[in-house]
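This report examines how selected residues of a protein chain are placed and which partners they meet. Please keep the sequence and the three-dimensional view at hand while reading.

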Amino acid sequence: MNTGIERISFYTSRYALDLKTLAEARGVDWDKYRLGLGQEVMAVPPPDEDIVTMGASAAKPILDELGCEGIDLLLFATESSIDQSKSAGLFVHGLLGLPSRCRVVELKQACYSATLALRMACLSVAANPRSKALVIAADVARYELRGPAEPTQGCGAVAMLVTANPAILALDEACGLHAQDVMDFWRPNYRDEAVVDGKASTRIYLHSLQQAWQHYREQTGRHLLDFSRCCYHSPFTNMACKAHKTLLKEEGIEDKDEEHIECQVGESLRYNRIIGNTYSASLYICLASLLDHASDGLDNQAVSFFSYGSGCMGEFFSGRNIEGYRQALYTAQHRDIIAHRTLLTVQQYEDIYNLTIPRDGWDYTFSQYRTGPYRLSGISGHKRRYEAVS
Ligand code: HMG
């Protein structure tokens, strides 16, 4: 049975910072961000947006089109959790009016957990083909101001409706796995910013990719050039290029590697370059980018995926685009969100970054910024209050 993605929709904040202005403010050569990292703009979340508002905003177009009948599983993947106990998925469940006969849970393993969510959603709909599952991944990538990781921040969410007999992409069963206990990137409970050993993290990412690819190859015998396109977890776009280069080398393809990278990976990175890292959502925003930008139709074409979450967990897997998939895309909505963002000055970005919200849990009202259809209006009695924006 085919199981996979029936719809995919993403959302990112209405505010962004042009990294050229950040480079000027930090006294860094703009080419380091633009060419060295491959990042040009980063999304900045206003104080009244969080993983719940972004996740619900990502899912809304899908539910507006198809309704919520049959959805009996909501998996929310994130590493920017807003509560130690209650799943962010339950806030979203309420905002979206999902059926009460539904399992809802939050999953965490750095940037990897959306992939497990997708796999579990496929198993769930395979067990009951009349059911549907909603997978949401949402994160805010936040590092220290003025540190080397600062230009790789970003925020966003992706929502995927998973069904048996999907309209966009059917997932293959084979997958290559690699798990290892390492400290390349982590965020202790008492910190708002991640701690990262940047250079080590890129090496470990590539090692994990090699191991997962080897495992996948043992099962399938497939080669890299068997895939029409390849999507990678993209903390910054050049990481995906390095990843593809590594696999091309493993396959003994060392000439024309730039051409292969442009051809197999380029279209998947367009959104990431102007949004930044979205942690658990990143790989699937790359998929949305590929689907929205692919110059030639990808009907029946094989696509590979590498999902990576620091700590670390890597998974290499694949899927096949369904014939006619273009009819099921939200390309215009995605482009509209990106095209109508408000660009911040560096001072405005730092003010938002430095805004401290009282941690006593009593009464706090958030100023209203530009948001999607939902916003965090306030906190009272230790409860986060969300509202629909008319
Ligand atoms: P850095 O030390 O500022 O950068 O940090 P660099 O000096 O290594 O320079 C970066 C690149 O720019 C280099 O290219 C330079 O040569 C080039 P490379 O050698 O890598 O090809 N460069 C220039 N190019 C053109 N013109 C110039 C110029 N100057 C330099 N003038 C680092 C970079 C990525 C380490 C930092 O941004 C960082 O710590 N980022 C966060 C960690 C990260 O993203 N790691 C990636 C793998 S781990 C992962 O993906 C998981 C994650 O998403 C979290 C999760 O799982 O939850 C992060």
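E315 is buried, with a relative accessible area of 4%; buried means under 20% relative accessible area, exposed over 50%, and partly exposed in between (1.4 Å probe, protein chains only). The model is a predicted one, in which local features need pLDDT of at least 70 and side-chain atom pairs count only at pLDDT 80 or more, while totals for chains, interfaces and linings use all residues. Residues are numbered from 1 along each chain as its sequence is written, and side-chain values use heavy atoms, with hydrogens and water left out.

## A buried glutamate in a strand

E315 belongs to strand β13 (residues 313-321). Helices (H or I, at least four residues) and strands (E, at least two) are DSSP runs, numbered from the N terminus. Contact here means heavy atoms within 4.5 Å.

## Salt bridges

The whole structure holds 21 salt bridges. A salt bridge is a side-chain nitrogen of Lys or Arg within 4 Å of a carboxyl oxygen of Asp or Glu. Three of them are set out below.

| Pair | N to O distance |
|---|---|
| R26 and E350 | 2.8 Å |
| E267 and R229 | 2.6 Å |
| E258 and K245 | 3.5 Å |

The salt bridge between R26 and E350 has one partner in helix α1 (residues 19-26) and the other in helix α12 (residues 346-354), so it ties together parts that are 324 residues apart in sequence. E350 is buried, at a relative accessible area of 10%.

E267 and R229 also form a salt bridge. E267 lies in the loop between α8 (257-264) and α9 (270-273), and R229 in strand β11 (residues 229-232), so this pair ties together parts 38 residues apart in sequence. Both E267 and R229 are buried.

For the salt bridge of E258 with K245, the two residues sit in helix α8 and helix α7 (residues 237-250) respectively, 13 residues apart. Elsewhere, salt bridges with shared partners join R26, R146, E150 and E350 into one network.

## Helix α1

R26 leads back to helix α1, whose buried residues are L19, L22, A23 and R26. Viewed down the axis of α1, these buried residues fall within an arc of 100°, so they line one face of the helix; the arc is that of the directions from the helix axis to the C-beta atoms. Their cover includes β2 (15-18), α2 (30-37), β3 (41-44) and α12. At the start of α1, a side-chain oxygen of D18 comes within 2.9 Å of the backbone nitrogen of K20. Just after the helix, G27 adopts a positive phi of about 65°.

## Around the ligand

How many residues are around the ligand? There are 27, and K32, E79, C111, S201 and K242 come nearest; a residue is near a molecule if one of its heavy atoms lies within 4 Å of it. The protein covers 74% of the 1,100 Å² of accessible area that the ligand has on its own. Accessible areas come from the Shrake-Rupley method with a 1.4 Å probe; for residues, only the protein chains shown count as cover.

## A buried aspartate in a loop

D50 is located in the loop between β3 and α3 (51-66) and counts as buried, at 7% relative accessibility. The side chain of D50 reaches the backbone nitrogen of V52 at 2.9 Å. Not counting residues up to four places away in sequence, D50 touches I82, L376, R384 and Y386. The C-alpha atoms of D50 and R375 are separated by 8.1 Å, although the two residues are 325 residues apart along the chain.

Definitions and conventions: Polar contact = N/O pair within 3.5 Å; in protein donor to acceptor, adjacent residues only side chain to side chain.
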